[in-house]
Amino acid sequence: LVVHNCGCRVVQKLFDLMPIEKLEPLVQEVLLDAPNLAVNQYGNYVVQNILEAGKKEHIAALIKAFSTHFYKFSMHKFASNVIEQCIRGSNEEERNIIFSEIIGREDHYEYQRIKDMVSDQFGNYVIQRILEFGTENQKYAIYTAVYNYYDYLINITYAKHVIAKLKELRYKF
């Protein structure tokens with residue numbers, strides 16, 4: 001049902017009308033195939049419904065399921081929305097797992113990877129969520145990448161959103 005355009009809407013309506021606890025068997029089925037559903041044009045909405053419900057054990061299970069996929073999913077048309085919801089729903093420790101995979105660790109940030117995401121039509125939104133929820137060091141790593149590639153990025157429509165967000169955070173170019 002969740003990968004069919006009409007079936008997906010039926011399942012989404014269940015999430016609107018029923019408490020998540022009553023949908024646990026459905027949730028468990030979705031969790032079993034979460035990476036495939038995250039990249040599906042309909043299935044991603046059901047995964048987002050689970051994340052929006054906010055049950056910590058579901059969020060943790062999805063973060064585990066998406067491990068090693070966060071960077072790739074961040075630049076995917078459908079999965080990037082799922083990653084944004086993961087970021088919004090996760091706790092600080094979980095966010096650090098996600099952010100480390102996407103932009104690198106504090107001792108080794110992936111500036112080329114950050115540049116690629118900033119200029120990507122979907123990845124720039126995930127970068128904006130990192131700017132919203134990340135640590136000061138993570139924000140500064142994004143700023144450093146944008147600063148270093150500024151002449152290239154300023155001409156890319158999608159990058160302008162990240163540059164504007166950095167300026168809101170009082171970073172100078």
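Is L14 buried, exposed or partly exposed? L14 is partly exposed, since its relative accessible area is 32%; here buried means under 20% relative accessible area, exposed means over 50%, and partly exposed lies in between, with a 1.4 Å probe and protein chains only.

Good morning. The structure above is a predicted model, in which local features need pLDDT of at least 70 and side-chain atom pairs count only at pLDDT 80 or more, while totals for chains, interfaces and linings use all residues. Residues are numbered from 1 along each chain as its sequence is written, and side-chain values use heavy atoms, with hydrogens and water left out.

Let us turn to helix α7. Helices are DSSP runs of H or I with at least four residues, numbered from the N terminus. Helix α7 covers residues 79–89, and nine of its 11 residues are buried, so the helix is largely enclosed by the rest of the structure. Among the buried residues are V82, I83, E84 and I87. The cover over the buried residues of α7 includes α3, α4, α5, α6, α8 and α10.

Next come the charged side chains. A salt bridge is a side-chain nitrogen of Lys or Arg within 4 Å of a carboxyl oxygen of Asp or Glu. The whole structure contains six salt bridges. One of them joins E84 to R129, with the closest N and O atoms 2.6 Å apart. Because E84 lies in helix α7 and R129 in helix α10, this pair ties together parts that are 45 residues apart in sequence. Both E84 and R129 are buried.

R129 also forms a salt bridge with E132, where the closest N and O atoms are 2.9 Å apart. These two residues lie in helix α10, three residues apart, which is about one turn of the helix. R129 has 10% relative accessibility, whereas E132, at 42%, counts as partly exposed. A network of salt bridges links E84, R88, R129 and E132.

Leaving aside neighbours within four places in sequence, E94 is in contact (heavy atoms within 4.5 Å) with I59, A60 and I63.

Finally, the cysteines. A disulfide is a pair of cysteine sulfur atoms within 2.5 Å, and the structure holds zero disulfides. The sulfur of C8 is 9.5 Å from the closest cysteine sulfur, that of C6, which is too far for a bond. C8 counts as buried, at 2% relative accessibility.
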